[in-house]
Amino acid sequence: QVQLVESGGGLVQAGGSLRLSCAASGSIFNINNMGWYRQAPGKQRELVAVITSGGSINYADSVKGRFTISRDDANNTVYLQMNSLKPEDTAVYYCNAYLRVTIISIPYNYWGQGTQVTVSS
């Protein structure tokens, strides 16, 4: 059984910073992509940033230059450093991992429970 546990959300003023962490645990063979998504009230879930096992990174245009994604493969952990936060960044942030549980299994998407980020103006 695989679990993704997020931490680091909270309330911050505009212009401030937060760092989100997400640790994957359980029966994991290898992790392909790891990423962060967010969902604001009344809106669809959207990609924030993703990092592949090879280190390629993709950011949403709205966060480029402000957010930085990184991963620690030794600890199956992905991070999201968020700087210069804006009120429009307010959302529930979800961790995602596309991984295999065994050498013969097909990759599958796993999700964390979500962590609230609120940016006040």
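Colleague: Where does R19 lie relative to Y79?

Modeller: R19 lies over the face of Y79, at 4.1 Å from the ring centre. A charge sits over a ring if NZ of Lys or CZ of Arg is within 6 Å of the ring centre and within 35 degrees of the ring normal. R45 gives another case: its charged end sits over the ring of W111, 4.7 Å from the centre. Keep in mind that this is a predicted model, where local features need pLDDT of at least 70, side-chain atom pairs count only at pLDDT 80 or more, and totals for chains, interfaces and linings use all residues. Residues are numbered from 1 along each chain as its sequence is written, and side-chain values use heavy atoms, with hydrogens and water left out.

Colleague: How many aromatic pairs does the structure hold?

Modeller: The general idea comes first. A pair of aromatic rings is described by the distance of the centres and the angle of the planes. Rings of Phe, Tyr and Trp (its six-membered ring) pair if their centres lie within 6.5 Å; planes under 30 degrees apart count as stacked, over 60 as edge-to-face and the rest as tilted. This structure holds 2 aromatic pairs. Y37 and W111 form an edge-to-face pair, 5.0 Å centre to centre with 65° between the planes.

Colleague: Which strands hold Y37 and W111?

Modeller: Y37 lies in strand 4 (residues 30-39) and W111 in strand 10 (residues 108-111), so the pair ties together parts that are 74 residues apart in sequence. Strands here are DSSP runs (E, at least two residues), numbered from the N terminus. Y37 is partly exposed at 23% relative accessibility. W111 is partly exposed too, at 37%. The cut-offs are these: buried means under 20% relative accessible area, exposed over 50%, partly exposed in between (1.4 Å probe, protein chains only).

Colleague: What about Y108 and Y110?

Modeller: Y108 and Y110 form an edge-to-face pair as well, with 5.2 Å between centres and 75° between the planes. Y108 is exposed, at 55% relative accessible area. Y110 is partly exposed, at 22%.

Colleague: Which residues have the most contacts inside the largest nonpolar core?

Modeller: In soluble globular proteins, nonpolar side chains tend to be buried together. A nonpolar core is a set of buried Ala, Val, Leu, Ile, Met, Phe, Trp, Tyr and Cys residues joined through side-chain atoms within 4.5 Å. Here the largest one has 29 residues, and W36, L80, M82 and Y93 have the most contacts inside it. Several strands each supply at least two residues of this core, including strand 1 (2-7), strand 3 (18-26) and strand 9 (91-100). Strand 9 gives the largest share, 5 residues.

Colleague: What is the phi of N76?

Modeller: Most residues other than glycine have a negative phi, and most peptide bonds are trans. N76 is not a glycine, yet its phi is positive, about 50°. N76 sits in the loop between strand 7 and strand 8, and is partly exposed at 24% relative accessible area. S84 also has a positive phi, near 50°, and is a residue other than glycine. S84 lies in the loop between strand 8 and strand 9. Its relative accessible area is 40%, which makes S84 partly exposed.

Note on methods. Helices (H or I, at least four residues) and strands (E, at least two) are DSSP runs, numbered from the N terminus.
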